Amino acid sequence: MDRYQELARFLRIRRERITPGQVGLPYNGRRRTPGLRRGEVAMLAEVGVDWYTYLEQGRHINVSTEVLERLSNVLMLDASERKHIFSLARKELPLEQAKEASTISETLQRFLDGLGTSPACIMDTRMNIVAWNSAYCVLNGDLSVMSKRERNFVWMTFTSAQFRYLKGDQWEPHARRIAAQFHAGYARYIDDPWWSEQFEALSKASSEFREFWETHDVREAIDGPKALRCPNLGMLNFDHVSFQSLENPNLIVSIHVPHQDGTIEKMRQLMGEISL
């Protein structure tokens with residue numbers, strides 16, 4: 001079975017699950033066809049009946065993004081189903097406006113707290129830090145008393161003296177990567193005014209941000225080894241891993257896993273000093 005046949009089968013099954021009343025059509029007694037008729041779907045999706053019939057027959061038809069969107073709405077597809085038909089049609093899923101996440105679930109917070117000596121945080125698509133654990137705070141300061149802007153990772157990178165000290169010689173390559181990530185996000189959500197407002201604020205606050213922005217580098221986040229400076233205990237070495245949260249795809253979980261070179265013991269010492 002090729003993707004055209006699979007798309008045809010999927011559309012037919014979903015069409016048969018929708019009743020006329022669900023889409024505002026009159027129901028005149030019993031029907032030979034369960035759910036909606038092909039002609040009704042075609043009418044609601046604003047396409048020709050013959051064209052939609054060919055689509056459900058598995059013919060090799062190029063379906064536009066706009067038509068896929070309309071079919072998704074008519075057939076009341078959820079996010080996973082919508083992603084599925086776009087994948088079958090070999091079309092890129094249109095971007096949705098990223099919703100700002102101000103809170104996370106108790107489960108995710110317990111996960112962060114359970115990481116012990118591994119500094120970890122959760123960021124949204126705007127790189128706002130929306131959750132963190134104690135280990136993260138011993139390195140970056142108490143985020144609970146910071147303003148919302150100060151908890152933005154891009155803002156922290158370019159304006160926090162403490163963060164710059166932690167990064168040491170690695171601050172500049174890190175800052176260039178973060179500026180490039182911000183550039184990629186700016187392009188991805190170019191219609192969202194938050195990004196232009198944040199860009200203006202960063203440009204005023206940091207000449208280095210303006211310099212790195214002008215390179216027009218665009219890149220995504222990378223994992224790998226990280227080294228941080230501690231004023232009293234010397235270098236702290238970590239492996240950095242990040243992953244997307246399944247409960248909210250707009251959230252990225254970022255974890256620094258301490259090396260077994262004394263870094264774990266140093267983190268325990270730092271966290272013990274904070275608790276005193």
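**A chat about the chain**

Student: Is M127 buried or exposed?
Tutor: M127 counts as buried, at 9% relative accessibility. Buried means under 20% relative accessible area, exposed means over 50%, and partly exposed lies in between (1.4 Å probe, protein chains only).

Student: What should I know about the numbering and the model?
Tutor: The model is predicted, so local features need pLDDT of at least 70 and side-chain atom pairs count only at pLDDT 80 or more, while totals for chains, interfaces and linings use all residues. Residues are numbered from 1 along each chain as its sequence is written, and side-chain values use heavy atoms, without hydrogens and water.

Student: Back to M127. Where is M127?
Tutor: M127 sits in the loop between β1 (120-123) and β2 (129-132). Helices (H or I, at least four residues) and strands (E, at least two) are DSSP runs, numbered from the N terminus. M127 has a positive phi of about 65°, although it is not a glycine.

Student: What about R90? What is its phi?
Tutor: R90 has a positive phi too, about 60°, and is not a glycine. R90 is in the loop between α5 (79-88) and α6 (106-113).

Student: Is R90 buried or exposed?
Tutor: R90 counts as exposed because its relative accessibility is 57%.

Student: New topic. How many helices and strands does the chain have?
Tutor: The chain has 13 helices and five strands.

Student: What is its radius of gyration?
Tutor: The chain has 25 Å, whereas a compact globule of 276 residues would have one near 19 Å. That radius is taken over C-alpha atoms, and the globule rule is 2.2 Å times the number of residues to the power 0.38. The C-alpha atoms fill a box of roughly 80 × 40 × 35 Å, taken along the principal axes.

Student: And what share of the residues is buried?
Tutor: Buried residues make up 44% of the 276 in the chain.

Student: Which residues is L36 in contact with?
Tutor: Leaving aside neighbours within four places in sequence, the contacts of L36 include R15, I18, V41 and V74. Contact means heavy atoms within 4.5 Å.

Student: How do α2 and α3 pack?
Tutor: Helix α2 (residues 38-45) and helix α3 (residues 49-56) pack at an angle of about 115°, with axes 9 Å apart. Axes are lines fitted to C-alpha atoms, for helices over the stretch in contact, and angles run from 0 to 180 degrees between N-to-C directions.

Student: Which residues meet there?
Tutor: R38, G39, V41 and A42 in α2 meet V49, Y52, T53 and E56 in α3. By class, this contact of α2 with α3 has four nonpolar, two polar and two charged residues. Ala, Val, Leu, Ile, Met, Phe, Trp, Tyr, Cys and Pro count as nonpolar, Asp, Glu, Lys and Arg as charged, and the others, Gly among them, as polar.

Student: Last ones. Which helix holds N73?
Tutor: N73 lies in helix α4 (residues 65-74). N73 is exposed, with a relative accessible area of 60%. The C-alpha atoms of N73 and L44 are separated by 9.3 Å, and the two residues are 29 apart along the chain.

Student: And where is Q269?
Tutor: Q269 is in helix α13 (residues 263-275). Q269 is partly exposed, at a relative accessible area of 40%.
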